[in-house]
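Let's take a friendly walk through a protein model. Have a look at the structure first, and then we will go through it piece by piece.

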Amino acid sequence: MPENSVLTRAHLKTPKAAAIAGIVFSLLLVLILWLLRTSIPADPLEPGAWLATDTTAIKVALNLVPFAGIAFLWFIGVLRDRLGQLEDRFFASVFFGSALLFLAMLFAAAAVIGAVMLVASVSDPNELISSATFRFARAVSYIIMNVYAIKMAAVFMISTSTVVIRTGIAPRWIAFLGFLLAAILLIGSSFISWSIAVFPSWVFLISVYILIDNLGGNPLAGAGTRVGTD
């Protein structure tokens, strides 16, 4: 009995902490995107003159990336905890895999930019600017983040929204909004430079709902209404 009570208390505390982590991830990612977009030109073929300027904002953004990744992992944890026995293996695999791929690409893009800045800090930035090495690294980081990472974020939103509709762990309008925003990421990411911002915005929305629902003392009410309907 004591062991069961300990497990029960731990289980009840986890969703609240994870829901807060989802909000933290959203705020951190928006801050990271803002710092990078205001410090690095959007053109992936730009010559790299920003390397010779003050790069403090870029360093801050890169140092925040690991913390955003940790918070996102906690957010994934609360979604799986909220699903519980309703978790479908197929959709769970897609949503979990796309989330990990998104994080991996986010970290990879940050690592490439960090490597470029490290090389520039120990040598003459003017030698690196417009060089073939810089152009390659800049193009790689741009493609990883603005093509593949964005697409994985869209897959995560689609799979999670599908799970929401099938299980009722959150309101259906959040799922429909997720489908709409995911379409923007899939189709409009090449035309809208700030389209990636819709991803943390949606995570923020669903995290706030889960947190409020958990604080209300009935964290699985939505799921309970859907059991046996499919």
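## The overall fold

Helices, with at least four residues, and strands, with at least two, are DSSP runs that are numbered from the N terminus. With that in mind, the predicted model contains 8 helices and 0 strands. Reading along the sequence gives the pattern α-α-α-α-α-α-α-α.

How much of the protein is buried? Of its 230 residues, 45% are buried, where buried stands for under 20% relative accessible area. The exposed surface comes to about 11700 Å², and carbon and sulfur atoms supply 71% of that area. Now consider the contacts between residues with a separation of 6 or more: 82% of them join residues 24 or more positions apart.

## The nonpolar core

In soluble globular proteins, nonpolar side chains tend to be buried together. In this model, the largest nonpolar core has 71 residues. Which of its members touch the most other members? They are F25, L51, F72, F102, F156 and F199. Several helices contribute to this core: α1, α2, α3 (89–121), α5 (132–167), α6 (172–188) and α7 (198–215) each supply at least two residues.

Once its neighbours within four places in sequence are set aside, F25 is in contact with A68, A71, F72, F102, F199 and V203.

## Aromatic rings that pair up

A pair of aromatic rings is described by the distance of the centres and the angle of the planes. The structure holds 9 aromatic pairs. Take F72 and F102: their ring centres are 5.8 Å apart and their planes meet at 65°, so this pair is edge-to-face. Because F72 lies in helix α2 and F102 in helix α3, the pair ties together parts that are 30 residues apart in sequence. Both F72 and F102 are buried.

Another pair to find is F156 with F199. Here the ring centres of F156 and F199 are 5.9 Å apart with planes at 85°, so the pair is edge-to-face. This pair links distant parts of the chain, with F156 in helix α5 and F199 in helix α7, 43 residues apart. Why does F156 count as buried? Its relative accessibility is 0%. F199 is buried as well, with a relative accessible area of 0%. Ring pairs also link F25, F72, F75, F102, F156 and F199 into a cluster.

## Where the chain meets itself

Let's start with L33, which has its place in helix α1. L33 is buried, with a relative accessible area of 7%. How far apart are L33 and I196? They are 163 residues apart in sequence, but 8.6 Å apart in space from C-alpha to C-alpha. Apart from its neighbours within four places in sequence, L33 is in contact with W194, I196 and A197.

A109 gives another example, this time in helix α3. Its relative accessibility is 5%, so A109 counts as buried. The C-alpha atoms of A109 and N146 are 9.6 Å apart, while 37 residues separate the two in sequence. Not counting residues up to four places away in sequence, A109 touches S141, I144 and M145.

Which residues make a nonpolar surface patch of about 310 Å²? The patch is made by L31, W34 and W194. One of these, W34, is found in helix α1 (residues 2–39). Is W34 buried or partly exposed? Its relative accessibility is 47%, so W34 counts as partly exposed.

R80 is found in helix α2 (residues 56–83). R80 is also partly exposed, with a relative accessible area of 37%. Between the C-alpha atoms of R80 and F96 there are 9.1 Å, and the two residues are 16 residues apart along the chain.

Definitions and conventions. Residues numbered from 1 in each chain as written. Predicted model: local features only at pLDDT ≥ 70, side-chain atom pairs only at ≥ 80, totals over all residues. Heavy atoms only, no water. Patch = residues over 30% accessible without salt bridge, like charges linked within 9 Å, V, L, I, M, F, W, Y side chains within 5 Å. Areas by Shrake-Rupley, 256 points an atom, 1.4 Å probe, with all protein chains shown as cover. Salt bridge = Lys/Arg side-chain N within 4 Å of Asp/Glu carboxyl O. Buried < 20%, exposed > 50% of the residue type's maximum accessible area, 1.4 Å probe, protein only. Core = buried A, V, L, I, M, F, W, Y, C linked by side-chain atoms within 4.5 Å. Contact = heavy atoms within 4.5 Å. Phe/Tyr/Trp six-rings, centres within 6.5 Å; stacked < 30°, edge-to-face > 60°.
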